[in-house]
Amino acid sequence: MNIQTERLENHTARFTVEVDNERLEKAKRTAAGRLAKKVNIPGFRKGKAPYKVLMSYLGEGAILEDAVDVLGNEIYKDALDQSEIEPYGPGSLEDFKAEPQPTFQFIVPLQPAVTLGDYRSVRVPYEAAIVDDKAVDDAIETMRERLAVIEESHQPVAAANRVTVSITGTFLDEDPAADEAETEAEAADAAEENDEAEEAESENKVFIQRDEIMFLLSPDREPAPGFTDALVGATVDERREFELTYPEDEEEFQNLSGRHVKFDVTVKKIETMTMPALNDDFAARVTESEEKPLTLLELRIRTRENLQKTADERAQSEYAHEVLHEMIHQATVAFPEALVEDQIQHLLQHVDSDLRQRGITLDDYMKITGKTLEDLRNEYRGQAVETIQHSLVLQELTKAEKVEIDDARIDEEIEKVVAQFGEQADAFRKFYGRKDARENLRNDLTTRAINDRIAAIAKGEVSDAEPAPTESAAPASTESGEVSE
Amino acid sequence: MAELHIYDVIRRPVITEKSSIQSDELNQFVFEVAQEANKIQIKEAVEVIFEVSVTKVNTMVMPAKRGRRGRNWYMRSKQWKKAVVTLNEGDTIELFNP
């Protein structure tokens, strides 16, 4: 057997294998024997016809095909063993020639290869997250609302009331971004009803229509600026129509900003909200389930701490993401087309299950949007490539930085998680006793650890000379574990 | 009765499990022949057509096979004459070894 290996440009390899004639002949005979069991030849019991009779009855092509299939698999295995190539996935038989010497050609997608490059020199400026007083105030305000005493009121609407209304909002002006909005709205409409042309036209004008919706009439909660003022003084069952203009360039209102709209509102229910006073009693009520109730000052401090923690986490994960992006730039990633195809398939499955939850299948979606499977595959191609690069580089970094999570660390994490569940702790401990749950946890921890590690690199906290020992990874991961709590 | 032509004597080769064993191991080749053909005619026909020399011819009349569906009898196969021709050692008929 004579094997030649060539590397092709799209990260695949081609084996060209020459086989002895006798080996092919033998394969053909076994193939004929196999086929004989299936076909019925008059004059012979099943499987008893001699090779020559089979040959003339089935034709040489059929036997050869079967023989090549089986022999191909055998040879492919041998060729792989001998060539020391790591395949990513199953290879495919590309070509077979019987003359002058039986020759097989296989195309094999190769294991992706990542060269990290000088990732240690990547530096990205880090912006720490800032929690301002307003954010803390807002959080406290939400707590107050939760503890507010709500009573139905028979007085006319006043500011700071909670009202339940039926509402219809209509645009009075032309949509400046008509094109984009329309296509999206139409796609959504079409999912429900088929004759969309005129419906969409009139429906486009109505941007909100609800039979029952609850608002808190305070300046930063109202659906549109001036909404409260327009509604003050209304009584139950009173209907009011008024026009408002959204301010320009406010991110909060997204595509509504700058639009002139008309509201048609009928008040259904008015409730007064009596907010608890901001004092230590309030703080004590918020924390009444705890061992020692807090004072207002302590509550504020803790709220700020919590907010800071969340903001830090987000900033850090965004930072790690950015750093990884830079590192991907540094790295050379080579992977076969088959990997991309797999990833696209994966993504599409994801999309499909997403759509199913909303009540349509991927097929329906394709019909509605008028896209073919090919279009979709092309659309998701970029995303798939990115995901692949991401995970490959991350994997390689984990290897290069020798980030490893040992069993003790996992046990520690399990205990930490389980502790939160009090009585049900045992059930959760059982759950984490399972191998796959443990592996998942290990993956999570590894990702966290490597993210911290590359963040540290990009901040310049890791000296270039440091050889990335295993010990250095362990404390980093412990840190991350605490942050995520 | 008009003389039987040699190409009318031999109807077809019989290729079955049994006949392939006979041809492989005993150098005997099996034909369906005309009912009225005799051993001498068969020998002559085989020798001329396949250019071999025949040492022995055995003939037999294979009985018709009847089948029955309910009350009705029908013919599954007609009566036919089979000839087992033994060839001289070294001779062979390619027809049986495609």
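Colleague: Which residues of α15(A) do A:Leu394, A:Leu397 and A:Thr398 in α12(A) meet?

Modeller: Those three residues of α12(A) meet A:Thr446, A:Thr447, A:Ile450, A:Asn451 and A:Ile454 in α15(A), where contact means heavy atoms within 4.5 Å. The model is predicted: local features need pLDDT of at least 70, side-chain atom pairs count only at pLDDT 80 or more, and totals for chains, interfaces and linings use all residues. Residues are numbered from 1 along each chain as its sequence is written, chains are lettered from A and ligands numbered from 1 in the order in which they are written, and side-chain values use heavy atoms, without hydrogens and water.

Colleague: What makes α12(A) roughly perpendicular to α15(A)?

Modeller: The axes of α12(A), residues 373-400, and α15(A) cross at roughly 80° and come within 10 Å. The term roughly perpendicular covers 65 to 115 degrees, while angles under 35 count as roughly parallel, over 145 as roughly antiparallel and the rest as oblique. The two helices are therefore called roughly perpendicular. The axes themselves are lines fitted to C-alpha atoms, for helices over the stretch in contact, with angles from 0 to 180 degrees between N-to-C directions. Helices (H or I, at least four residues) and strands (E, at least two) are DSSP runs, numbered from the N terminus.

Colleague: How do the residues of this contact of α12(A) with α15(A) divide by class?

Modeller: There are four nonpolar, four polar and no charged residues. Ala, Val, Leu, Ile, Met, Phe, Trp, Tyr, Cys and Pro count as nonpolar, Asp, Glu, Lys and Arg as charged, and the others, Gly among them, as polar.

Colleague: Why are α9(A) and α15(A) described as they are relative to each other?

Modeller: The axes of α9(A), residues 296-330, and α15(A), residues 435-458, cross at roughly 75° and come within 9 Å. These helices are therefore also roughly perpendicular. Helix α9(A) contributes A:Tyr319, A:Ala320, A:Val323, A:Leu324 and A:Met327, and α15(A) contributes A:Asn451, A:Ile454, A:Ala455, A:Ile457 and A:Ala458. Nine of these residues are nonpolar, one is polar and none is charged.

Colleague: What is the angle between α1(A) and α2(A), and which residues make their contact?

Modeller: Their axes lie 10 Å apart at an angle of about 75°, which makes α1(A) roughly perpendicular to α2(A). From α1(A) come A:Glu25, A:Lys28, A:Arg29, A:Ala32, A:Leu35 and A:Ala36, and from α2(A) come A:Tyr51, A:Leu54 and A:Leu58. The classes are six nonpolar, no polar and three charged.

Colleague: Why is the pair A:Arg45 and B:Glu17 called a salt bridge?

Modeller: A salt bridge is a side-chain nitrogen of Lys or Arg within 4 Å of a carboxyl oxygen of Asp or Glu. The closest N and O atoms of A:Arg45 and B:Glu17 are 2.6 Å apart, so the pair meets that cut-off. Between chain B and chain A the count is one salt bridge.

Colleague: How is the size of the interface between chain B and chain A given?

Modeller: The buried area is about 600 Å², of which carbon and sulfur atoms give 59%; this is the accessible area (1.4 Å probe) that two parts lose on being put together, summed over both. Six residues of chain B and nine residues of chain A take part in the contact.
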